[in-house]
Amino acid sequence: MPPLPSRMTKNREQPTRYRPGKAETDEPESEDESEADDEIADEAAPKAPPPKATSFPSKKKLAVDLSKAGQQVTTTPAPPEKPPEDDLEGFVTASEEEEESGSEEGSSDDDDGSAEEDESSDDEPKKPMLRPTFISKAKRGQQGATAAQKTAEDLAAEEEVKRKAKADELLQAQLEREAAAKAAGRRAWDDDAEINPEDEVNDTDDLDPEAERAAWKLRELKRVRRDRMAIEEKEKEREEIERRRNMTVEEREEEDKVYIAAQQEEREGKGQMGFMQKYFHKGAFFGADDTQDEEVKAALTRDMAGAKVADEASDKSVLPEYMRIRDMTQLGRKGRTKYKDLKEEDTGRWGVEGSRKGRGGDGLDERFRPDDRRDGGQEQTGANAMAVGQRRPREENGDGDRSEKRARYD
Amino acid sequence: MAHQADEKRMLDDRGYTGTLIRGANPLLLFEKPVRDRIVESMYWKEQCFGLNAATLCDRAVELENIGGIYGAAQKPSKFLCLAFKLLQLTPERDIVLHYLRQQEWKYLRALAAFYIRLCWQPKEIFETLEPFLADYRKLKRRAREGFALTYVDQFVDDLLTKDRVCATSLWKLPPRTQLEDLDVLEPRISPLGEELEDIDADRQDGRTEDDSGSDVEVLDDGHGLGNGHDHDNDTDVDGD
């Protein structure tokens, strides 16, 4: 990796302005790009080798073949260590070159650079492409001598062979991959191969003909029985209707009483709703029957009334008054005015402190009594409970009072 | 009209000139969210484009499961996509009957049964589908999560009785009893036929012999009737 610029930006340093009276700081002022780069390069070389072509992402490094983009392909693991010859055409590493030619070196700073080059290039796949490297004048002479030993033709031939071998390998790999994909029958839309084998249900027939036939018989019988039961039910219903019609009124009432008593028992048997729980009743017509889709049934028979948020307090009576809200999301909102209950908010005094003495009342309900008796006491409720105060005595001063009010013009 | 790879135009009601099923565009038999999922699925776009009745068979024989919508993203099953395609094509009666009656591919049969249930008249539905209550081959059904095992006869029975099968609200079918009352249909004769009569006879005998109401009866293998039978005080329950 190239050495990071100290300012973490690629923008050039702007020259600092001259401000009279301020001491000049020692910052690198207007610099050319090349100068900056040279500096960086020079500084970088002893620290880390300059980026090589080998460090660029190669095709081989991608686990997924981009030509197959759009299809679901299992990621083949990146091909394991390749022999140095297994490279894309064209690139040779410096170390390879060194092996062959033995003399080219990577940077102007020779020893350090070459040593580091060796290390870095050993990690990366070697590419046969000749990387343009800078050789200082001093070295040029030396290298020229050694390079002459190997002729250009030999080099070319070797590279040729290597390139061919590599291309063949690549092609082979591609073909294999295509064949595998076809064999597996994978398509983009086909995710059947992702099914967990445990979930698989075996639908081959004739595994056990007798058992299958027996199972079928059972099903068929159940169906027949279901049909018959339906008919029977209808019959029973009709009979019941007939019977009730033929009974007298008293008998009907007796039966009704028994039925209602049974219902009451049932209702009492059910538990009370918790203190301030949310209550939601789905409605009278929502019943679960067999013809319903299982998902619809599950959705409809969800427990709404008992549903609680995970950390909701189940018993609100232990909470402080402030927190006794039906909907906990409203906690802390809208000040302290919190509508809890109609009962709490009601300012009337219903059945309070002897207001009901059974005053005869003409046998009427409280609501229907005549409201003549307004002479104070418990009849007055709510806002009307306050007695009307006396009139403030006004001094009758005759015309003098007129000044207090607006002047009247006759 | 420029040829469009997207078949959304078929869903457009305006100017629809094809066959009407239940008085409307047959594609509207599927619900809107289901339609959307199907039309946007890869299988539909890649494989179901430009099919005709014959090439649809090719796809159908590759079917491996029936099912509606599955997964968190509500992906439609291939069965559903092909059923949608059948609705789009509205093939002729004979073709559909052939799909149904061929013996070799059970999923194609299931597909045809589904189509018939959606599109034909009640009398024809009952008459055509009831014989297949005798087919006890296994089917793999893809539920929302995971798979379930079902049978062809079970599937046909669901089609005839349930309201919602394979993510589709089926058109409401008048119950068989109603049609029998109207004399449109004959009462159903179960494929068990004679065996059923034998069982009835057994039950009758068993009851008259043993009046204490015990339900121990000697019956065929795997018989559920004896166990679950109610204790009836009437003795005239089984009139037939």
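Visitor: Let's start with one residue. Where is the place of Val61(B)?

Guide: Val61(B) belongs to helix α3 of chain B. Helices here are DSSP runs of H or I with at least four residues, strands are runs of E with at least two, and both are numbered from the N terminus. Before we go on: this is a predicted model, where local features need pLDDT of at least 70, side-chain atom pairs count only at pLDDT 80 or more, and totals for chains, interfaces and linings use all residues. Residues are numbered from 1 along each chain as its sequence is written, chains are lettered from A and ligands numbered from 1 in the order in which they are written, and side-chain values use heavy atoms, with hydrogens and water left out.

Visitor: And how does Val61(B) count in terms of relative accessibility?

Guide: Buried means under 20% relative accessible area, exposed over 50%, and partly exposed in between, using a 1.4 Å probe and protein chains only. Val61(B) comes out at 32%, so it counts as partly exposed. Its C-alpha atom is 9.9 Å from that of Arg109(B), 48 residues apart along the chain.

Visitor: Let's zoom out. How many helices and strands does chain B have?

Guide: Eleven helices and seven strands. Of its 240 residues, 46% count as buried. Contact means heavy atoms within 4.5 Å; among contacts in chain B between residues at least 6 apart in sequence, 63% join residues at least 24 apart.

Visitor: Which residues touch the most other members of the largest nonpolar core?

Guide: First the idea: a nonpolar core is a set of buried Ala, Val, Leu, Ile, Met, Phe, Trp, Tyr and Cys residues joined through side-chain atoms within 4.5 Å. This one has 58 residues, and those touching the most other members are Phe30(B), Phe79(B), Leu80(B), Leu82(B), Leu111(B), Phe114(B) and Phe155(B). Helices that each supply at least two residues include α3 (53-61), α4 (78-89), α6 (106-119) and α8 (152-161) of chain B. The largest share, eleven residues, comes from α6(B). Take Leu111(B): leaving aside neighbours within four places in sequence, it is in contact with Leu56(B), Ala60(B), Phe79(B), Leu82(B), Ala83(B) and Leu86(B).

Visitor: Now the sheet. In what order do the three strands of the open sheet in chain B come?

Guide: Two strands pair if DSSP finds at least two bridges between them. Here the order is β1-β4-β5, with mixed pairing. β1 (66-67) and β5 (147-151) of chain B each have a single partner strand, so they stand at the edges with one side lacking a neighbour in the sheet. β1(B) runs parallel to β4 (residues 138-142) of chain B, joined by two bridges, and Ile66(B) has Arg141(B) as its bridge partner in β4(B).

Visitor: What about β4(B) and β5(B): parallel or antiparallel?

Guide: Antiparallel, over five bridges. They form a hairpin with four residues between the strands, and Gly146(B) in the turn has a positive phi of about 90°. Arg142(B) stands opposite Phe147(B) in β5(B). As for cover, four of the five residues of β4(B) are buried.

Visitor: How does α6(B) run relative to β4(B)?

Guide: Axes are lines fitted to C-alpha atoms, for helices over the stretch in contact, and angles run from 0 to 180 degrees between N-to-C directions. On that basis α6(B) lies across β1 and β4 of chain B, at about 65° to β4(B).
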